[in-house]
Amino acid sequence: MGDKPKLAIYWASSCGGCEIAILAIHEKILDVADYFDFIFCPCILDFKRSDIEALEDGEIAVTLFNGAIRTDENLEMAELLRRKSQVLVAFGSCATEGCAPGLANFNDREQMMNFIYKDAPTVVNPEGIIPLEAIQVAEGELELPGFWNTVKTLDQVVPVEYYLPGCPPEAKWIEALVEAVMAGELPPPGTVVGMDVTVCDECPREREEKKISHFYRPYEIIPDPDKCLLDQGLFCAGIATRAGCGALCPSVNMGCRGCYGPNEGVIDGGAKLISALASVLDANSPEEIDKILDTLPDPAGYFYRFGLAHSMLHRTRLEMENGQKMAAQIKETPRLDPKLKD
Amino acid sequence: MVDYKQYHPAWGDRSPVIIGFLCNWCSYRAADLAGTSRFGYPATLRDIRIMCTGRLDPTFVIKALREGADGVLVMGCHPGQCHYEEGNFKAMRRVALLRRTLSQLGVHPDRVQLGWASAAQGIIFTETVKEMTEKIAKLGPLKWHDNNHDASPHLPPLPEKEATHG
Amino acid sequence: MPKTSERGLFEQVMAETPGGETLITCLQCGTCGGSCPSGADMDSTPRRLFALLSAGMDKDVLESNTPWYCVSCYYCTVRCPQDIPITDLMYAIKQKAIQAGKYHQDSHAAFSESFIGYVERYGRSFEFGLATRYHLTHHPLSMLRKGGLGFSMMRKGRLNVTPEKINNLPQLTAILKEAKRIARQEA
Amino acid sequence: MENSRTYTYYPGCSLQATAHAYDESMQAVNKQLGLTFNEIDDWNCCGATEYFSVDALPAYSLVARNLSLAVQSNGSQDLVAPCSACFLNLRKTNDYMSKYKDLNSQVNQALAAGGLSYEAGALNVRHLLDVVIEDVGLEQIKTKVTKPLSGIKVAPYYGCLIVRPETGYNTEYPTHLDELMVTLGADVVDFPMKTHCCGGHMTQISEETAYELIRRLLQNASDYGADAIVTLCPMCQLNLDAYQNEVNRMFGTNFHIPVLFFTQLMGIAFGLSENALGLGSEIIPAGPALAKIGTVDEQKTRERPKRRDKKALPMPSMDSGGNE
Amino acid sequence: MSEEEKIGVYICHCGHNIAGTVDVEGVAEWAKSLPNVTVSKDYKFMCSSLGQELIEEDIAEQGLSRVVVAACSPHMHEPTFRGACSRAGLNPYLFEMANIREHASWVHQDDGEAATEKAKSIVSGAVSRARELEPLEPFRAPIDETTLVVGGGIAGINTALEIANAGYKVILVEREPSIGGHMAQFDKTFPTLDCSACILTPKMFDVGNHPNIELMTYSEVEQVDGYVGNFTVRIRKKARMIDVDLCTGCGDCWERCPAKVVDTVYEAGLGYRTAVYRPFPQAVPKYPVIDTESCIYFKNGRCRACEKFCPTDAIKFDQEDEIIVTSVGNIVLATGYDLFDSRRLPQYGYGRLANVFTSLEFERMTNASGPTDGKVLLRDGVTEPKSVAILHCIGSRDKNTNDYCSAICCMAALKFAHLVKEKTDAEVYNFYIDMRTAPKDYETFYNRLMQEGTHFIRGRAAEVTDAARKPEEVGKLIVQAEDTLIGKQRRIPVDMVILMAGMQPRHDSQEVSHRFGIGCSDAGFFNESHPKLDPIATMNAGIFIAGVCQGPKDIPASVSQGAAAASRVLSLIGKGEVEIEPVRAHIDEDRCSGCRICNNLCPYNAIDFLEDLAVSRVNPALCKGCGTCVAACPSQVIDGQHYTFNSIMSQIEGLLWDVRPNGEEKVTFQKTEPV
């Protein structure tokens, strides 16, 4: 047993879906178990952190790390596993791009705490109790890991060898990675395990030249099942999203959400969506443009649904412009300065 | 040297930095004309020549903001006079959507502006730079790095009075 | 730009007129002088007045009767090929002449000042008071002759003998006082 | 049911005194046209041309108080002034405040001293004539005409301030009043001095200057055979009407040309009573001219359309061009 | 690859132009600290041959792989330095220009420190960009030897003849039924008083009979595609309703035509023509056209008089427009001008006061073949004027209309004054702002006119009115102006007024400039490539401009520019092939997912969607390199050569060298091969 290469799986800020996804490789899991010494996975194994600390540096062959980094504990574990692992894989959308936890970057810690523990309509908390990092009780001091203002991705805190995007990653890519490791044919560091084309490549829908004069929300129209959703005015991030999922969402009449992140070579997927979608708007005056854009509420939410933490701007500003509150900023519909219009 | 503290105290001794994207045919030539005509304007604009504002990739704008620029000015030919027929309309649409998106991220939409100047309008070019500089000066520095990348994720503990534990 | 105190009349007049800086582009084409309905009564045509102004002959400008004969018809302004707000510049020169106490015929300035006096006192203009008071002081003879006209006007209900007064006069007074203060400060 | 239109209204000082006929006839006509004017509460004088001559910033502030009060009245954004001088001052202040930032902030600073403010461009300042022609429209006016003004020759006199500077109408040769008069059935003379000056305040300070200007207008109207001059400005009406006899005295002329407000002629054409239109308050009686209404111009019916003189060169077409 | 680049940086003093404001030595010294910079020098005049040799030597000796010159605008000297690189064996597209003159020293003259700091940023940006440049080869394409000339006025005629005489084919397209343009309307030309028709007609005849010129009158160019050397043009030949193979130009048709209309084109509104007409006797070609808008048959289906009387059955009422698509190598635009519409200035009474004439009306009046047989008469067609006022600058030098000087009106006014004097006993008054008679022998003509007794009143006329103030004014037109030399208002009663209406761009010049892909000034005149050094070429290679469409000018200047345009065309034809900037978009088809975002964006339809492969492809011959598709591609598989994604991103970093956060949190996916 000691001869086998060691495999670790860890979850930071994540939902647990990535662990389930690993099971989706079905009987292949037996080969994995056969090949690796599966030493660490808090979800299913009762190994302790101290056990990991006890390992030699680099003793773990591969760590599949899912979840974003948003607490002191996340960071500690990321740093620890980095030190102990030869290969660290950012596994799943949270670890690669920030994913849903990364949406917290539209707010700051205070706003998060207030909403989650006090203001959310489903919360009953008349005393307004929120968690503290440390509190003195009769028995001594109790501690919780520090909660960050900003959610980060794994590669923003430690170096990462490979990325396996997807929320969750598709089984075939997990298989591909695991097989590559087992075969000792490791791709160059930095490789994103997936395709280098976009979802459109796998999408069976028929596409035409594009002109968008209205964005529809999914409940507003029943889309033609054979035609490109974007051509029908439904937001679909597939044009700027790495392929690999087999165009799952579009094939069930739902626009791509963008969970695989931007494709090869693209630095900021949101910027590319802005560019592409704006380019095909059917409008040539600021007023007409505004009219169409009014049908696309929350553009930042659409464009950075998965990738905000890993995007170039990373989060909303902490210090608002001219002392304005962030909420006021968001409500404001920016319009072109009329002077610059013509 | 202009003292920008009068517009916003946060400037300290520095001046606003604006990255300009100027199309080769109209606004870059307007900037050239401003030069040959010796029309002075604030030394805040650092421009990049692109063939057409249609080449404007929002990635560039975001890149400029994150690399330390306080604003981005995109200038092209007047609508209807694009050398490539309608590249400037594409820029107009992209900038409109980009500004909406950026404002959600707490970046004031006025930090990204679009303007038009024909090759003969050196004066309009200068006026646009002046106006933009003043707007940015009033907004204060963007300080993307300080603002968006809290170098230490560790914040001071939350105030104790918030909690009434046990 | 130099401080006001260092500026000549030319620069002051331009600076104090919205859009007045265009005066520097005057072509001396004479369209204003040719268009002016009361040009025949002026000692200098508007064009010549501007030439004097730009030449720094401030005394001639301040003492000229030209702006006082301006009837505010704006023909010069709309026809000016250089978009110079000539009518407004005439007002500015009048202000300068009043400030310098050098204007040509005191009666003209006095008329404006009596008019303003009523406006400041009542918030409304008062034609009857204006006509009688001003003419009694300055043209007593013509007053006698025009008595008949005034009488027929009154008979036809076209002259009120008591002035109308606005309700919130203190507000207006405060606004005008502040405006005057800003104007002094700017100058 | 006809549309009724509501406006914010600035009467100006003259309408209450020298031009009460304008006021009365306007009220009468408004009822016919479905126009409702809500007067600004506690408005003040616009300063005419006098205030600007003495102190510009207080003058702009004086006008701006009215603009501010007009916004406060929470009514229509269209502010209507029947007097051309008031119209000019309100419009100019509104425009200049939009155009010149310094002026805008200074005026607002002054207004603040009275607890007021005005956002430049918040109002749309309009002249009564513009409202009548553009909003009501000639077609609808035509339907109201019960007594066409045929037989009377009128010289449409616009004066300076309704078209200058920059109003959208031609600054030299506007034609909208001409068109209104044609709609009312009047015979309109092509009055070349239609936008020349009436003398303005010069009647008060330099009679020689003013009377010469008035004489030119009267002479020209008379040369063109006008029975009456129609106007839209209290000052123009006053100068041409009240000083006509003075002009006759000074130049030895013998003009008897009545000067009426366009609203008075509209009222007559709509069949309203002379009383309701303030007729009779003019110094040069309009009676003889108005008596011509309904008579047929014999000379006109006798004239046959002239055949084109073979030798004559064609005139330029005015169908296109002209107004920019 | 960029790590090993060796970059040479050269800071130009441009005499005092840059060095007077920017600390050039300091910038050169500082630039040495930039990554990859191995050489950094400053020099007095980089564009001099010595400056260029400096670069060439360093490339050879130091093995520079990139060159940055910080000097003036790339529009000025980019070709110069690319040439230097080329000569030294470095691909010219590895050269980058940093504009520290127009964009720094000249606009921040009052603040040398700020100018120097900005110059550093510009240089830093250029160095960063240079690092990412890739070698490119210009496209080469053969040149089609046929030239299209648009506009058959004197400029176009001259261009066409010059090229045709050199032995190359020309297609001359003219909108009107005949060539000749405005010059054909004139009687005399200044200052020589040559008979306009006498000197123009032979040239028109030559055009009509030249074996190398294909003349298409009554035609318009509708569409232009392609690029220098290889344009495809679509020409609409409007239906003349005349079979020109049968027509002999005998004139029976127009003599019999009962529909008379005012001729607003050739006769400038002063005379009449029939519905079937030939604009003037010397017209080339000689065939008439039927103006279907005024033809009685087209209006109510009856008449056909022309058809009945035509001896050769040449009238074809069912003729339709013909579309011709052809290829040409070069295009010369000589589309001329419109006359300013004097009705826009009602104070001068044109259109209302009968005896106010425009300059073009007067040209027709004095023309011996014009409506009055050359007699100077009032609008009644009988009376000779006893006094004539000529008003200069109508719609010129006026911000309310056209703010530029129309250049020719002073001389034309002098010519008119002479003609009035010659033909009548009238007194002539010229109302002018400034007399502009600069070119050769023009001042002599002015002197001659003074000797002839013409009155010159310095003052722009304020108005023309028929409202008399004094008895002597009754029945006259009174010109009111300030005589600025006296300083008094004057009213001059005259019988006739001539308005010297200025030249303005053709009403559709914006549209035409768009169609041909060239720039247009605000006024609407076509933009030249350089106002001083290249007033003939445009920004669109292979398209040249001549005559008044480029700006107001007189006949000799138009003729010269026409000849110059011809010589530019001939030198291109002589070269046989053209080099085209390789600034093009390119789609990596392996990575294209066929989303089709780009398909509709290309203004030149250069992007094809290949249905079978489900990918898009750029046709490099049609692509003009604007980069719209490059920016729009959501998967970034289109790249714009020379303006690549990396080069611009890198330039941004370089420009912000002093304010950038440390590179530590650079967010990038490393670009790698997929698994």
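Reader: Let's start with helix H2 of chain B. How many of its residues are buried?
Author: Nine of its nine residues are buried, so helix H2 (residues 58-66) of chain B is mostly covered. Keep in mind that this is a predicted model.

Reader: Which residues are buried in H2(B)?
Author: They are B:Pro58, B:Thr59, B:Phe60, B:Val61, B:Ile62, B:Lys63, B:Ala64, B:Leu65 and B:Arg66.

Reader: And what comes just after H2(B)?
Author: There, B:Gly68 takes a positive phi of about 120 degrees.

Reader: New topic. At what angle do H1 and H13 of chain D pack?
Author: The angle is about 45 degrees. H1 covers residues 20-33, H13 covers residues 262-269, and their axes are 8 Å apart.

Reader: Is the crossing left-handed or right-handed?
Author: H1(D) and H13(D) cross in a left-handed way.

Reader: Which residues meet there?
Author: From H1(D) come D:Ala21, D:Tyr22, D:Ser25, D:Met26, D:Val29 and D:Leu33. H13(D) brings D:Phe262, D:Thr263, D:Gln264, D:Met266 and D:Gly267.

Reader: How many of those are nonpolar, polar or charged?
Author: In this contact of H1(D) with H13(D), seven are nonpolar, four are polar and none is charged.

Reader: On to whole chains. How many residues of A and E are in contact?
Author: 35 residues of chain A contact 28 residues of chain E.

Reader: How much area do chains A and E bury?
Author: Between them, about 3000 Å², with 58% of it on carbon and sulfur atoms.

Reader: Which residues in chain A lose the most area to chain E?
Author: A:Glu209, A:Glu264 and A:Lys272. Together they make up 19% of what the chain A side buries.

Reader: What does E:Ser635 touch?
Author: Leaving out residues up to four places away in sequence, E:Ser635 touches A:Thr198, A:Ile239, A:Asn263, A:Glu264, A:Val266 and E:Arg591.

Reader: Where does E:Ser635 lie?
Author: In the loop between helix H16 (628-632) and strand E34 (638-640) of chain E.

Reader: Buried or exposed?
Author: E:Ser635 is buried, because its relative accessible area is 4% and the cut-off is under 20%.

Reader: Last one. Which pair of chains has the most contacts?
Author: Chains C and D, among the seven pairs that touch. Chains A and C do not touch, with their nearest C-alpha atoms 18 Å apart. Chains B and C do not touch either, and there the nearest C-alpha atoms are 14 Å apart.

Note on methods:
Residues are numbered from 1 along each chain as its sequence is written. Chains are lettered from A and ligands numbered from 1 in the order in which they are written. This is a predicted model: local features need pLDDT of at least 70, side-chain atom pairs count only at pLDDT 80 or more; totals for chains, interfaces and linings use all residues. Side-chain values use heavy atoms; hydrogens and water are left out. Axes are lines fitted to C-alpha atoms, for helices over the stretch in contact, and angles run from 0 to 180 degrees between N-to-C directions. Helices (H or I, at least four residues) and strands (E, at least two) are DSSP runs, numbered from the N terminus. A crossing is left-handed if the near helix is turned anticlockwise from the far one by less than a right angle, and right-handed if clockwise. Contact means heavy atoms within 4.5 Å. Ala, Val, Leu, Ile, Met, Phe, Trp, Tyr, Cys and Pro count as nonpolar, Asp, Glu, Lys and Arg as charged, and the others, Gly among them, as polar. Buried means under 20% relative accessible area, exposed over 50%, partly exposed in between (1.4 Å probe, protein chains only). Buried area is the accessible area (1.4 Å probe) that two parts lose on being put together, summed over both.
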